Amino acid sequence: MRLHRIHALTLVGCLAGIALGPVAEAQLNNGDFETGTYTFDGNGADSLSPGATNITGWTTTNAELAVIKNANSFSLTAQSGTIHLDLTGYHDASPYGGLQQTINTLAGQTYNLSFFLGSGGGTSSVLVSGIGAPATFSNAGTGPFWLQQTTSFTATGPTTLNFTGTVASGSGNYIGLDHITLTGGAFGTATPEPGSLALFSTSGISLFGLLAIRRRRTKKQSL
């Protein structure tokens with residue numbers, strides 16, 4: 001009997017140990033990019049390729065981008081804190097870099113998105129998707145170095161915010177991005193991706209099925 005209990009506990013332990021995969025953030029995480037596993041070079045920049053997860057809460061997309069700290073060779077300063085992004089990276093040509101994060105927004109709730117776009121002397125633009133219809137936001141470079149951009153949208157469920165550089169005109173070859181915030185509506189708790197839930201459900205059924213079979217066999221043997 002004890003042996004059967006040990007087997008049952010082992011199976012339950014296996015079930016509990018199944019990795020659920022990536023989860024949606026309960027709220028926007030690390031909108032100032034201050035936390036991450038960065039390795040800055042002599043210029044004060046860290047070049048990241050698409051698919052990198054060095055920026056806590058974010059995944060880079062589309063093309064190479066640069067994480068830049070305030071002590072840098074380019075005389076650039078973050079809008080908030082000590083870290084910001086340059087979506088043109090070191091390659092300074094289209095296609096430009098981007099990044100995305102999935103937030104557990106709730107269907108029917110209205111949210112306010114705000115971020116700051118930096119210009120290096122010409123027009124800097126980003127395409128933002130996940131806010132209903134994708135929209136392009138620009139800083140013409142004729143006003144403040146950092147220009148605040150705002151919009152509102154109504155969520156249909158979890159939101160995947162995606163920022164992608166589109167224009168970097170002038171001699172600056174620069175698309176600055178910093179201080180992203182998402183406010184307004186309520187947020188759900190962090191949840192597994194649907195695919196991960198399906199895997200968990202299937203595995204759970206299989207393991208509990210094995211437990212049921214083992215119990216039936218034990219009863220037959222005792223008879």
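With a relative accessibility of 14%, Asn162 counts as buried, because the limit for a buried residue is under 20% relative accessible area. The model in which this residue is described is a predicted one. Asn162 has its place in strand S10.

Which residues are in contact with Asn162, once its neighbours within four places in sequence are left aside? They are Thr61, Leu99, Gln100, Leu127, Val128 and Ser129. For one of these, Gln100, the C-alpha atom is separated from that of Asn162 by 4.3 Å, although the two residues stand 62 residues apart along the chain.

## The chain as a whole

The protein chain contains two helices and 11 strands. Read along the sequence, their pattern is α-β-β-β-β-β-β-β-β-β-β-β-α.

Of the 223 residues in the protein chain, 38% are buried. The chain exposes about 11200 Å², and carbon and sulfur atoms supply 57% of this area. Among contacts with a separation of 6 or more, residues 24 or more positions apart account for 71%.

## The five-stranded sheet

Strand S10 belongs to an open sheet of five strands, whose order is S2-S5-S10-S7-S8 and whose pairing is antiparallel. Strand S2 (59–61) and strand S8 (135–139) each have a single partner strand and stand at the edges, so one side of each is left without a neighbour in the sheet. On average, neighbouring strands of this sheet are turned by 25° against each other, direction ignored.

Strands of a sheet pair through backbone hydrogen bonds, in either a parallel or an antiparallel manner. Here, S2 pairs with strand S5 (residues 98–103) in the antiparallel sense, over three bridges. Thr60 has Leu99 in S5 as its bridge partner.

In soluble globular proteins, nonpolar side chains tend to be buried together. The largest nonpolar core of this model has 32 residues, and Phe33, Leu113, Phe115 and Phe163 are those with the most contacts inside it. At least two residues of this core come from each of strand S3 (65–69), strand S4 (83–86), S5, strand S6 (110–119), strand S7 (124–129), strand S10 (159–168) and strand S11 (175–184). Another core, of seven residues, lies apart from it; Ala45, Ile68, Trp146 and Tyr174 are among its members.

How buried is Phe115, in terms of relative accessible area? The value for Phe115 is 0%. Not counting residues up to four places away in sequence, Phe115 touches Val126, Val128, Phe137, Leu147, Gln148, Gln149, Phe163, Leu177, Asp178, His179 and Ile180. Phe163 likewise counts as buried, at 0% relative accessibility.

## Aromatic pairs around Phe115

The structure holds nine aromatic pairs. In one of them, the ring centres of Phe115 and Phe137 are 5.3 Å apart and the planes stand at 85°, so the pair is edge-to-face. Phe115 lies in strand S6 and Phe137 in strand S8, so this pair ties together parts that are 22 residues apart in sequence. Both Phe115 and Phe137 are buried.

Phe115 also forms an edge-to-face pair with Phe163, at 5.3 Å centre to centre and with 80° between the planes. This pair links distant parts of the chain, since Phe115 is in strand S6 and Phe163 in strand S10, 48 residues apart. Through ring pairs, Phe33, Trp58, Phe115, Phe137 and Phe163 are linked into a cluster.

Conventions: Residues are numbered from 1 along each chain as its sequence is written. This is a predicted model: local features need pLDDT of at least 70, side-chain atom pairs count only at pLDDT 80 or more; totals for chains, interfaces and linings use all residues. Side-chain values use heavy atoms; hydrogens and water are left out. Two strands pair if DSSP finds at least two bridges between them. Helices (H or I, at least four residues) and strands (E, at least two) are DSSP runs, numbered from the N terminus. Axes are lines fitted to C-alpha atoms, for helices over the stretch in contact, and angles run from 0 to 180 degrees between N-to-C directions. A nonpolar core is a set of buried Ala, Val, Leu, Ile, Met, Phe, Trp, Tyr and Cys residues joined through side-chain atoms within 4.5 Å. Buried means under 20% relative accessible area, exposed over 50%, partly exposed in between (1.4 Å probe, protein chains only). Contact means heavy atoms within 4.5 Å. Accessible areas come from the Shrake-Rupley method with a 1.4 Å probe; for residues, only the protein chains shown count as cover. Rings of Phe, Tyr and Trp (its six-membered ring) pair if their centres lie within 6.5 Å; planes under 30 degrees apart count as stacked, over 60 as edge-to-face and the rest as tilted.
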